[in-house]
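Q: I have a protein model to read. Please show me how to go through its features.

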Amino acid sequence: MNRSPRMLKFQPNPRSKSRFQDDADLRSMRSFKTDFSNYLASDTNFLNVAEIMTSYAYGESNNANEKEVQCDLLTENGGIEIDPTRLSYRERIRWHLQQFCYKTSSHGIPMLGQAPNSLYRAVWVFLLLICAIQFINQAVAVIQKYQKMDKITDIQLKFDTAPFPAITLCNLNPYKDSLIRSHDSISKILGVFKSVMKKAGDSSTEVVEGDYDMDGITIQARRKKRGAGEKGTFEPANSACECEEEDGSNECEEKSEEKPTADHDMCICAFDRQTNDAWPCHRKEQWTNTTCQTCDEHYLCSKKAKKGTKRSEIKKEPCLCESKGLFCIKHEHSALVLNLWEYFGKMEDFSDISTEEREALGFGNMTDEVAIVTKAKENIIFAMSALSEEQRILMSQAKHNLIHKCSFNGKPCDIDKDFELVADPTFGNCFIFNHDREIFKSSVRAGPQYGLRVMLFVNASDYLPTSEAVGIRLTIHDKEDFPFPDTFGYSAPTGYISSFGMRMKKMSRLPAPYGDCVEDGATSNYIYKGYAYSTEGCYRTCFQELIIDRCECSDPRFPSIGDVQPCQVFNKNHRDCLEKHTHQIGEIHGSFKCRCQQPCNQTIYTTSYSEAIWPSQALNISLGQCEKEAEECNEEYKENAAMLEVFYEALNFEVLSESEAYGIVKLMADFGGHLGLWSGVSVMTCCEFVCLAIELFIMAISHHVNQQRIRRRENAANDF
């Protein structure tokens, strides 16, 4: 095929002349005249066109690949438009790539197609490679930055009405001593506990020779040395004793657990219930009822006041003094004297407790009173787990017995509706204020007058011997969360008004892949049903699952899973297994067995505490359910009641929220910026490359389909 860049050129077809009948027809065609100026380009020579048309009147199609005559269409500006359909497959691919180089909006690539020589093209290829390498390096850095999934924490201080939290109140004494002893297991545990405490007390005391001063007279005596800081009140108590007259002190050695017989003398001793210490002891006939002028807080009295004592401080108190009048104890003459053998005889007979059961209680050879009390509390929890929840609730303090007065926002509370009972294994009956999740409560203003003010009566006279302190356990938490008073609570003493000023913090964490938190409130195996997920609850759930798996019983301090029974208090295998795995999980590597994440949304309350003596002497009103005189009620409430205030210190709260530091939007922006910087590529340019790839793919498919058709036709022709 011959092409001319500026004019149309045909090769003569010898078969065309045979179509004319004679020379006359030929001359007639040559004489045909028409104005073709409207159809031809402006620079076309009309005479030459007419000559060509007369010579090739019936030319063949110029687009047929099998024809001898081939042509290219000329444009008005002299360029050439090539029909790609008549090109071969490889030439067509090359033509498309060349056209893409001319038309693409990417910088640098058009220079390859328009390069006048190989050197020019090589320079541009080198430049494009350098830019591509730089772009790849920058793109890798951008992707690595995105894959770090960094996050930022935004802290905002919002001045808005903060929701009032839920307040859980518990008595530090879980069960009433007068009711719990009716349970056989509890009575046995308390009996063994008292016996172990007595042995521990005996081992921590020693008999020493010492002097004590009474009214300026020094008396030598054999006495038991009390531990440091032990200060109780003394009362006279009858006891069996052994007296020795040789040393001339007339002091006897008590036998408090033995009933007096002919072999023992009857003595009266100064007895301290707090330490179970009975000293000094003298024969009963050596004590006389009299009156004393002064008595101290330990009920130790003096028949005559010391010199310098004010008249207002001298009071005639009934007392019991030994014969020399050197040692006196405050005592009402009409009151009965305690019998120590009966007092210590309250300990149950443990003949029905086997050695294995004794070992299961875990006291062993303990001599530390604090450790003994801790183990006794644990044993009581285990023993109470064998009872139903209804039985445990009845043995603990009732709502109206604990909560006497209450106000919120300066208005009285409805104790029946505003407080909900929740049974806790450690503290017995606890009561939650603001438990209803459908009701929104908030403080009108900051300060104690606009928070929760509640007066509670603990009835210390009915405390268990394992209760070390008198007071209230208070927990501040979100109403969606379980309170966990044994872990997150605060203790408030009786005889004081305890003020808890609080501030709220709301935390919003990002889930995976940016963080590691639990969404949707709780996990499927969470043992605190009906409450939102918390890290503490997760650890307890994990621990309970491990104990059930290895000991085949559940820890009664936490809710059980399914129908698994709690570990029995007197089952040595259960107790040993539980103690063993508790220590293993508490070790450094044991925590890895439980993986607990933080909740994605969490409300935290920080608390500041202050206290003041309560009630004041000027508060001459009947408090709670006291029907005595005001002064007597004040004394009673100092020993048995506590006043609590829970309030917001300020009507604002912090919001800590996590957000992605480098998200997909920033990734695309940086990616596009580097593309534009190094190669001038935009999203539209990327679309051009996508279209090119689609076109090449379609051409390849079409080519292979046509080849298959041609082969089938050839095979069919050969068969015929």
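The dialogue below takes the features one at a time.

A: Start with the ground rules. This is a predicted model, where local features need pLDDT of at least 70, side-chain atom pairs count only at pLDDT 80 or more, and totals for chains, interfaces and linings use all residues. Residues are numbered from 1 along each chain as its sequence is written, and side-chain values use heavy atoms, with hydrogens and water left out.

Q: Which strand holds Asn238?
A: Helices (H or I, at least four residues) and strands (E, at least two) are DSSP runs, numbered from the N terminus. Asn238 belongs to strand β7, residues 234-243.

Q: Is Asn238 buried or exposed?
A: Buried means under 20% relative accessible area, exposed over 50%, and partly exposed in between (1.4 Å probe, protein chains only). Asn238 has 7%, so it counts as buried.

Q: Which residues does Asn238 touch?
A: Contact means heavy atoms within 4.5 Å. Leaving out residues up to four places away in sequence, the contacts of Asn238 include Met266, Lys284, Val337 and Trp341.

Q: What is the order of the strands in the open sheet of five?
A: Two strands pair if DSSP finds at least two bridges between them. The order is β19-β20-β4-β22-β23, with antiparallel pairing. β19 (419-424) and β23 (490-493) each have a single partner strand, so one side of each lacks a neighbour in the sheet.

Q: How many bridges join β4 to β20?
A: Four bridges join these antiparallel strands, residues 166-171 and 428-433.

Q: Where is the peptide bond to Pro280 cis?
A: Look at omega. The bond joining Trp279 and Pro280 is cis, with omega about -5°. Pro280 sits in strand β10, residues 277-283. The bond from Ala512 to Pro513 is also cis, with omega near 10°. Pro513 is in the loop between β24 (496-508) and β25.

Q: What is the phi of Glu552?
A: Phi is positive, about 60°, although Glu552 is not a glycine. Glu552 lies in the loop between α15 and α16 (572-586). Its relative accessible area is 69%, so Glu552 is exposed. Asn409 also has a positive phi, about 55°, and is not a glycine. Asn409 is buried, at 18%.
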